[in-house]
Number of protein chains: 2
Amino acid sequence: MEIYFLGTAGGTPSPDRSLPCTVLRMGGRTLLLDCGEGSQRQLMISPVSLMSVDVILLSHLHGDHIFGIPGMLQTMNLFSRSHPLSIMGPRGTIYVMGLLMETVGNDLGYSVNVEELCHGDEREVLGLRLEAVETEHNVPSLGYVVREPPRPGKFHPERAKELGIPAGPLYSRLQKGEAIEIEGRVIKPGDVMGPLRRGRSLSYSGDTLPSDSFAHASRGVDLMIHEATFGDDMAEHAAISFHSTARQAAEVAKKADAATLIMIHISQRVVSDLDLEDEARAVLGNVPAVVARDFDSFRLLAKD
Amino acid sequence: MEIYFLGTAGGTPSPDRSLPCTVLRMGGRTLLLDCGEGSQRQLMISPVSLMSVDVILLSHLHGDHIFGIPGMLQTMNLFSRSHPLSIMGPRGTIYVMGLLMETVGNDLGYSVNVEELCHGDEREVLGLRLEAVETEHNVPSLGYVVREPPRPGKFHPERAKELGIPAGPLYSRLQKGEAIEIEGRVIKPGDVMGPLRRGRSLSYSGDTLPSDSFAHASRGVDLMIHEATFGDDMAEHAAISFHSTARQAAEVAKKADAATLIMIHISQRVVSDLDLEDEARAVLGNVPAVVARDFDSFRLLAKD
């Protein structure tokens, strides 16, 4: 499970930061979290294939988060895409996508599925469980929580040996969760395997004021990706514009007991990333908290 | 008069080339020729101020030439623009701009004027004479020719001295084109000044098959900016897609007797710029012909 930060600016791009686009890769498939102007070119510069994008999740419909979509749809068509693309977002997504599709103007050679999600909606994407969470921006907005299903527990071959099970196909059936019978005895997977292992998880805030519902839904995530548009010095401006400061992002991460916080959506008006990191770390202590730069990547390893 | 090439790709961006956007700077004011996705960020990286853009000319309405507009409008608004912006293009421009303006969604704090131009239409922009020329693409399309008005002839102080005119305000009146009277004699500007000097000029093809009307309207330009989407090896594909090869661009430049050819709108499928330049130079001989790269610039100097 890999995450690429392709656009880490908020509101307007800067020479150093492109507009919002965060990539989640899993099993060769790709999901985008928001798709700001320039995302297709950022993908081309990154190691991620544009054509592997199967799902685009929109946090809300402000232009800086969506104006990369029409060009990307057109390029996918020029590259002869034929497999479907799924776009999900909050209320209003279907209308705005209709406008954008009309500006693309030509018939696409692949189907596009557009779906509006509500708070609490769950979907399966890339083999992961996706949950949409209402957040607090000045237009309908969603955050997203992605959780890998629990993985089977660890297999203990020494226990299997003690029970007299010959190595081979029977091991594999037990590992898949089947009970087996051997010399009249029934052996259950639990007899040779440890408890279910928790899957990996991350959450993505989109643009929002510090949100209790997002913190709650993010409970225990391995990685929280939270907007931190401003620093403490612009806390009042953050509140007026329905954004979060780095400190507030950290407070949400702390409330959720997230294992790592990565901050994005950095305003052009932020002078130093280091200040944002200091402000977040003052809240989080030893929990890692960093500001992402364009093309940073992060690998979430499966736990034993 | 300065030209900046901010996006030199055709159809899709590449890691090296952003989508079409060419800048014309004159007297501190800025005109964009097409506005592909990513143009606002290219401007931020360039020496040209985003806020100095007063006019956007669209050659046609394919997405790769226009998807930079909504984000640029939005950023100008966030930067508190208050002066008007003018957008001109071929038939269909008002409808498509209406769609794009609706995706921007918020009230802009400055006025936007959108105008559809026809073949032969002339306008004054940045103090220059602009002419729209019908070209040959698979949707309504225009090329543009920009000519500086003729400048006054060279002032010859030695002739003024011979005629007994004292240096000072009278010189300035003659240079502005006024006749003066001195000791009962009438002296006309032509008595002390050379003939009118030709202004600078350039033309921009947009996306098109080799076009006679564009060659004709470009007669004698100092600089022709012509699309060269493909090389000779893809001449058939160029014809099918209503584009030009580098050789064809050079033939148009030759027909127009252009002093310099700069080629843009280079397909991702072109392996080497050098091949395109070779093919163009085979036609043009000593006339300079180059393929632009992103952030190349070109200064058109006033002639004596």
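Let's start with helix α3 of chain B. Its buried residues are B:Ile69, B:Pro70, B:Gly71, B:Met72, B:Leu73, B:Gln74, B:Thr75 and B:Met76. That makes 8 of its 10 residues, so the rest of the structure largely encloses α3(B). Keep in mind that this is a predicted model. After the helix comes B:Ser80. The phi of B:Ser80 is positive, near 65 degrees.

Now the interface. How many residues of chain B are in contact with chain A? The count is 36, and they meet 36 residues of chain A. The area buried between the two chains is about 2600 Å². Carbon and sulfur atoms give 58% of that area. On the chain B side, three residues stand out: B:Glu37, B:Arg41 and B:Phe67. They supply 26% of the area that chain B buries against chain A, more than any other three residues.

What about polar links? Across the interface of chain B and chain A there are 11 residue pairs in polar contact, counting pairs with both residues at pLDDT 80 or more. Salt bridges across this interface number 0.

Back to the helices. Four of chain B each supply at least two residues to the side that touches chain A: α1 (39-45), α2 (63-66), α3 (69-78) and α4 (93-104).

Next, cysteines. The disulfide count over all chains is 0. Take B:Cys21. Which cysteine sulfur is nearest to it? That of B:Cys35, 5.4 Å away. The cut-off for a disulfide is 2.5 Å between sulfur atoms, so B:Cys21 is in no disulfide. Is B:Cys21 buried or exposed? Buried, with a relative accessible area of 1%. B:Cys118, by contrast, is partly exposed, at 49%.

Last stop, chain A. A:Asp296 sits in strand β16, residues 296-299. Its relative accessibility is 23%, so A:Asp296 counts as partly exposed. Which residues does it touch, leaving out those up to four places away in sequence? They are A:Ile3, A:Tyr4, A:Phe5 and A:Val291. Look at A:Tyr4 in particular. A:Tyr4 and A:Asp296 are 292 residues apart along the chain. Their C-alpha atoms are separated by 6.0 Å.

How values were computed: Residues numbered from 1 in each chain as written. Chains lettered and ligands numbered in written order. Predicted model: local features only at pLDDT ≥ 70, side-chain atom pairs only at ≥ 80, totals over all residues. Heavy atoms only, no water. Contact = heavy atoms within 4.5 Å. Buried area = accessible area lost by both parts, 1.4 Å probe. Salt bridge = Lys/Arg side-chain N within 4 Å of Asp/Glu carboxyl O. Polar contact = N/O pair within 3.5 Å; in protein donor to acceptor, adjacent residues only side chain to side chain. Buried < 20%, exposed > 50% of the residue type's maximum accessible area, 1.4 Å probe, protein only.
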